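Here's a quick tour of one protein model, written for someone new to reading structures. Have a look at the picture first, then we'll walk through a few of its parts.

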Amino acid sequence: MGSATHGVRRALTFWRRSIQARVVASTLLLSATVVGIVGAFLMQQTRDGLVDNRVDQVIAEAENETTDARERLSSALGTDVNESRQQEDLVAPIISRGSARGFAVILSPAAAPGGRLEDGGAQFTRGLDLSSVPGTLQEHFEQPAATSWTFTTIRTTREVTGLPQGPGIVVGSQVTLPADNETYTLYYLYSLDEESETLDLVGRALLTAGALLLLLVAGLAWLVTRQVVTPVRMARRVAERLAAGQLQERLRVTGEDDLARLATSFNQMASNLQKQIRQLEELSRLQRRFVSDVSHELRTPLTTVRMASDVLHDARTSFDPGTKRAAELLQTELDRFETLLADLLEISRFDAGAAVLESEDVNLVHVAHRVVDLTRALAEQRDTRVIVHEPGHPCLAEADVRRVERILRNLVTNAIDHAESRDIHVFVGGDDHSAAIAVRDHGVGLGPGESAMVFNRFWRSDPARARTSGGTGLGLSISLEDTHLHGGWLQAWGRPGEGSQFRLTLPRRLNEQLRHSPLPLVPVDALESA
């Protein structure tokens, strides 16, 4: 059962992905429909032609036999022979000729209304079943009538050589016997075996020709679609290699047709993209180098300014109020500038690929409590409480504890900055494969699409909003880079006016692929309200 399901799935996948298979199948289906319609029309025309020709032939022959019988009867005197003798003389030569020519004969006296040939009195070809004459034709000749015919099925009571069987035509004509001056009906039964054999032969020929034609059409469709699809498949493979970073890949151009012009345009596009990508890579490299150089060059003057600021800050009690306030502001802004400079240096290390992990088993429950203790003063300043919800068991992950603490500290300070004096909840969870921390606030929230942009460098949902926590605008960007370094997830959810939730998920072991998170991204209270 499993192998059959797998085979069906593979067939459906091949059908969805293969243009060539769909084109060949569609062409074959349409061709089969057309061949079927044309074949049915030809068979109908052939059958009608054969039957019409056979009807004309048997009617003419029956008329000749009836005319000959009437001539013989007209030359005979009614008193010369009795009735039985005259019937025998009339029908015997016709039966003899019918045996030679392949038709059967019945001579029947006029029947009473509702009577049948089987009731007796009829003379006929030996071995013929009298029910071969349809009742409708017998009813037609209950009264004097002109020659008439109909289709029938000829039956026999025993095997007789030369006697027709199967589908046939019965022709009826009336004669008058001089012996008793009574009207008799002659029924001539002709077989349609030859016509049936001809139709079978024509049908087999049409079926064979149709099958060969369908095979030819399928082969032509496959060949034509292959000529079109093959360059497309080559272009797909080259496009995949270009997307994988092999920018030197190009299509081979042969000929001057539309496909060759398409390949030329594709190669030109790839060359332009390669040029643009290299320019962007060079620009990015120069930008990273500039940030790194500036950050390092600023450290020396910053150290000097810091020394001067410390001297002024320590002596601020001897200054007048205005100078004292200036010294305090200088110290605060220098602290923020040093933090910004440190973040820029960290970003430059990420961009240069120089960041490394110092991994160990980390209990996220302990990390959450440490970060909450470190940010308690800031939370109290904003009249906000940070509450930790722990699962009651260790939530372990192999990680760099310094980077994990920095991620969680950025998330908590960001929540404090936007909580609007409402409680902040920190949830910790873990299982055998992963561990997670979620920070939930009930502040301003995030608008549609902002959950992805919130990790951009220096991004703000509201540019007019001040950073009351003294952040640099790089915290969430650095947190995302730290998370990627661990092979984890850092995701955000939010609704305007309902707050937001940030979730950090780390694999239990480094280099393991994450498949799920032990904590939901959308808060339970948000689901309940929805």
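Asparagine 363 has leucine 396 of β8 as its bridge partner. That bridge belongs to a pair of strands: β6 (residues 360–363) and β8 run antiparallel to each other, with 4 bridges between them. Two strands count as a pair if DSSP finds at least two bridges between them.

Before going on, keep in mind that this is a predicted model, where local features need pLDDT of at least 70, side-chain atom pairs count only at pLDDT 80 or more, and totals for chains, interfaces and linings use all residues. Residues are numbered from 1 along each chain as its sequence is written, and side-chain values use heavy atoms, leaving out hydrogens and water.

Zooming out, the protein has 13 helices and 12 strands. These are DSSP runs numbered from the N terminus: helices are H or I with at least four residues, and strands are E with at least two.

Now for a sheet. It is open, with 5 strands in the order β7-β9-β10-β12-β11 and mixed pairing. At its edges sit β7 (386–389) and β11 (489–495), each pairing on one side only. β11 pairs with β12 (residues 499–507) in the antiparallel sense over 7 bridges, and leucine 490 has leucine 504 in β12 as its bridge partner.

| Strand pair | Bridges |
|---|---|
| β6 and β8 | 4 bridges |
| β11 and β12 | 7 bridges |

Finally, two helices. α8 (residues 364–374) packs against α10 (residues 401–418) at an angle of about 50°, and their axes are 10 Å apart. The axes are lines fitted to C-alpha atoms over the stretch in contact, and angles run from 0 to 180 degrees between N-to-C directions. So α8 is oblique to α10; angles under 35 degrees would be roughly parallel, over 145 roughly antiparallel, and 65 to 115 roughly perpendicular, with the rest oblique.
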